[in-house]
Amino acid sequence: MKKLIWAFVMATLMIGLIPAILPMEASAQGSYYVRKVRDRNGRVRYVRVAKPSYYRRHRNRINMAVGTGGGALIGGLLGGGKGALIGAGVGAGSSALYTYKLNKKRRVYRKVRRY
């Protein structure tokens, strides 16, 4: 029975690794966005702008995760399991306050001109 379970686990791992081995298309890794811009004359043009960094695109989620993890770590060191839960709640609240109220976003997109 033990050999059968291990064989099943190994087969599952091998089947799970198949998508990682298969080749991927390079077109899915786009580094530019196309944005619609109106001229002074009212004409519509499409301008390529550089893709923002990973942090700029997922800023709120990263800030919330770091604050929650930091609070859970400090709470776990000070108070054990229950302290980790309380610390995670405090960290999530304080990081939400920082992310959504205190530190506003300032997004600047720069044009990339390649003709």
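Good morning. By buried I mean a residue with under 20% relative accessible area; over 50% is exposed, and partly exposed lies in between. Please keep in mind throughout that the structure before you is a predicted model.

Let me begin with the overall architecture. The protein chain contains three helices and two strands, and, read from the N terminus, its elements follow the order α-β-β-α-α. The chain has 115 residues, of which 16% count as buried. Its accessible surface amounts to about 10,100 Å², and carbon and sulfur atoms account for 64% of that area. As for contacts, consider those between residues at least 6 apart in sequence: 46% of them join residues at least 24 apart.

I turn now to helix 1, which spans residues 2–21 and includes Val9. Val9 has a relative accessible area of 33%, so this residue is classed as partly exposed. Val9 also belongs to a nonpolar surface patch, together with Met1, Leu4, Ile5, Trp6, Phe8 and Met10. The accessible area of the patch as a whole is about 840 Å².

Next, the strands. How do strand 1 and strand 2 run, and how many bridges join them? Strand 1, residues 32–38, and strand 2, residues 44–50, are antiparallel, and seven bridges connect the two. Within this pairing, Val34 faces Arg48 of strand 2. The hairpin leaves five residues between the strands, and there Gly42 adopts a positive phi near 95 degrees.

One further residue of strand 1 deserves attention, namely Arg35. Its relative accessibility is 35%, and therefore Arg35 counts as partly exposed. Between Arg35 and Arg45 there are 8.3 Å from C-alpha to C-alpha, with a sequence separation of 10 residues.

Finally, I come to helix 3, which covers residues 59–102 and contains Asn60. Is Asn60 buried or exposed? Its relative accessibility is 19%, and because the limit for a buried residue is under 20%, Asn60 counts as buried. Which residues does Asn60 touch, leaving aside those up to four places away in sequence? They are Thr99, Tyr100 and Lys105.

Thank you for your attention.

Notes
Residues numbered from 1 in each chain as written. Predicted model: local features only at pLDDT ≥ 70, side-chain atom pairs only at ≥ 80, totals over all residues. Heavy atoms only, no water. Pairing = 2+ DSSP bridges. Helix = DSSP H or I, 4+ residues; strand = E, 2+ residues; numbered from the N terminus. Patch = residues over 30% accessible without salt bridge, like charges linked within 9 Å, V, L, I, M, F, W, Y side chains within 5 Å. Areas by Shrake-Rupley, 256 points an atom, 1.4 Å probe, with all protein chains shown as cover. Salt bridge = Lys/Arg side-chain N within 4 Å of Asp/Glu carboxyl O. Buried < 20%, exposed > 50% of the residue type's maximum accessible area, 1.4 Å probe, protein only. Contact = heavy atoms within 4.5 Å.
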